[in-house]
Amino acid sequence: MSPANPNAPAEGAASGRSSRDARILIADDEPLTRKLLAAILQAQHFSNLRFAENGQETLDLMQSFQPDLLLLDMQMPDIGGLDVCRAVRLRDEFIDIPILVQTATVNRREMGDLFRAGASDYLSKPINPAELVARVVVHLERHNMLRELRNYRERISSELEAARQMQADLLPTLAGQRAVAETAGLRIASYSRSSSEIGGDLWGLLPLDDGRFGVFLADFTGHGVTAALNTFRLHALVHEYRSLHGDPAGLLSMLNDRLVRLLPPGQFATFLYVIVDSKAGEVRFATAGAPPPIMTSESKDSARSFEASGVPLGIARGMIYEEHIHPFAEDMRLLLFSDGLPEFTNGKDDRIGEAGLVTKLESIPQAIAPRELIDSICLAAGINDGVAMPDDTTIICIDRRAHCSIPCIIKTGLNSGFDVACRVPAQEEVRCRSA
Amino acid sequence: MEFRLDNGGVQISGEFTFTDHASFKTMIDSLLKDGSPSVTMDLGQLQFIDSAGLGMLLLARDAFGKADRKLVLRAPSGQVKRMFGLTKFDTLFSVED
Amino acid sequence: MSERLADVPLFDDPQIALLREALDEEDLAAMMAELPSASGAAIEAIGVAARSGNLADVQRAAHVLKGVASSFGAARLAGLAREIEQELRGIHEVPESLARLAEVAEQTWAHLPAVMGRALA
């Protein structure tokens, strides 16, 4: 580094480049003082300067020049410095612009007035060139940092919005759900909501042959960006192992071995995979630590959970999963959900828990459509539109009672499955096919 | 979550969720500093655990494993016991009744 | 003019030194050369305000003079301007102050080349 040179630009300006490009408005009614201030700043390579001779001109130039910093004389003939300060601060775009007030006053009371009026700092008269430059640089850098921070926040929030949309696009569309449901001769409704913009839950439908289809529901530990990135990985993996879509236990073992390599220690995913076979009247499934799905039966007027267990994906290599088979008769419906549902809490009331869900399902009238069933259990769990979600939550209802004896209305939103059930009012009504 | 250290072990009570990350890690670090070959974590008073809590138990298991020490979980009950069952955590840890 | 003001030097050397450090010699000389007309305008404004009997305007003009004079290191002129701004007991004292201002201003201009070490344009 070269020795200090008093004529060199002030050192220590990390964002010096942008500081030197800054627009500075010099407001002073005395022409020679304006000239002196400009000469001092120009000697430090600040060249983007404009001048105002009175208060009104200052306010006009604030608007047309949009300065990054205002150097303001306290005493101008038409509008006093305090009033200029207040008027500038009233405008949203100048809420945090540095205003350096030049004053000969060192009266403590007046100092208070000055800062209350919105001044960022003051410069004493007579003008001290080094002090002037130092304060200008400090305030411009602070302002730059604030602006960068604000830009950064805006950028992150728009990127998160894009990521949210991408994640929503991973989920089955309403049309996709309807196509699978029609082929299989049953009804499907779903609900997904994240605790923040993006989340760690993922579900999907995998059409198989002969009206059969697979449905999976995954939940990564944690929520937010890391968990969300993992849902994208998992989505790709699930579709990579197409040959295993008919083999629940095999698919889980394969996904587990892949995720063990991808996930850091302490992170895992619970995973449930169910193959729905309407023709055979059964479901075949395997679970990796997911909350057990609940099956209701109209003829038996009962609801009960599938008791099955398995080590979550991504913890230990070489895990073997079991396949379970369960009848899925025409009077049955199946509820799949992530732990966000039974574990939901608003911090005051008790969690509904798995047992509470089973009890609730037993008391819900059999006639209601899958979507209304979801609405009803959300309500029972304490989840409503406005409430903050502590965890990502997914609920899927698969109802075989398409040929139900009671005519019913299926209400659907036009959006993708994302956030539909509780947040989008019904926009379309489709008669139950058999009605 | 609250915890109480007692001779060579720790008793955890309350609810073990993602908000307990920092305090749980500090507790594990202090357990690792003391020299006994086996540490028992008594879960008898623990009422609730979420998946983040399970993840932290896995991290603790790894930390003890690296230090060539044994972590024993004792007496999970209620929802905690159910979570251990569903996730087969009882096969990943040594769990005593 | 108060007794102690007579002891104040015409120019404040440390302030001149600060300006010299910050500015190109030519630029500084050019601005110094404008000091007589700039402060002359302020003195003129004091006179106009005094003749219309407006003490507040007198003080405002004196404030402007104080600012420009002090920033260019014209210490005695600035001190006198400060007295007019802050210590006048009434408009009747202005004519006497104006006479002193004229006198100090003359001395200040005459001293400028010596301060700058050169003749000014």
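How many residues of chain A are in contact with residues of chain C, and how many of chain C with chain A? In this predicted model, 19 residues of chain A are in contact with 19 residues of chain C. On the side of chain A that touches chain C, helix 2 (31–43) and helix 6 (129–170) of chain A each supply at least two residues, and the largest share, eight residues, comes from helix 2 of chain A. By residue class, the side of chain A that touches chain C divides into twelve nonpolar, three polar and four charged residues.

The contact between chain A and chain B takes 17 residues from chain A and 15 residues from chain B. On the side of chain B that touches chain A, the elements that give two or more residues are helix 2 (51–66), helix 3 (78–86) and helix 4 (89–92) of chain B, of which helix 2 of chain B gives the most, with seven residues. The residues on this side of chain B comprise seven nonpolar, five polar and three charged.

Chain A itself, which takes part in both of these contacts, has a secondary structure that comes to twelve helices and 17 strands. Of the 435 residues of chain A, 43% count as buried. When contacts within chain A between residues at least 6 apart in sequence are considered, 70% join residues that are at least 24 apart.

Key: Residues are numbered from 1 along each chain as its sequence is written. Chains are lettered from A and ligands numbered from 1 in the order in which they are written. This is a predicted model: local features need pLDDT of at least 70, side-chain atom pairs count only at pLDDT 80 or more; totals for chains, interfaces and linings use all residues. Helices (H or I, at least four residues) and strands (E, at least two) are DSSP runs, numbered from the N terminus. A residue is buried if 20 or more other C-beta atoms lie within 10 Å of its own, exposed if 12 or fewer, and partly exposed in between; C-beta atoms are placed from the backbone. Two residues are in contact if their C-beta atoms, placed from the backbone, lie within 7 Å. Ala, Val, Leu, Ile, Met, Phe, Trp, Tyr, Cys and Pro count as nonpolar, Asp, Glu, Lys and Arg as charged, and the others, Gly among them, as polar.
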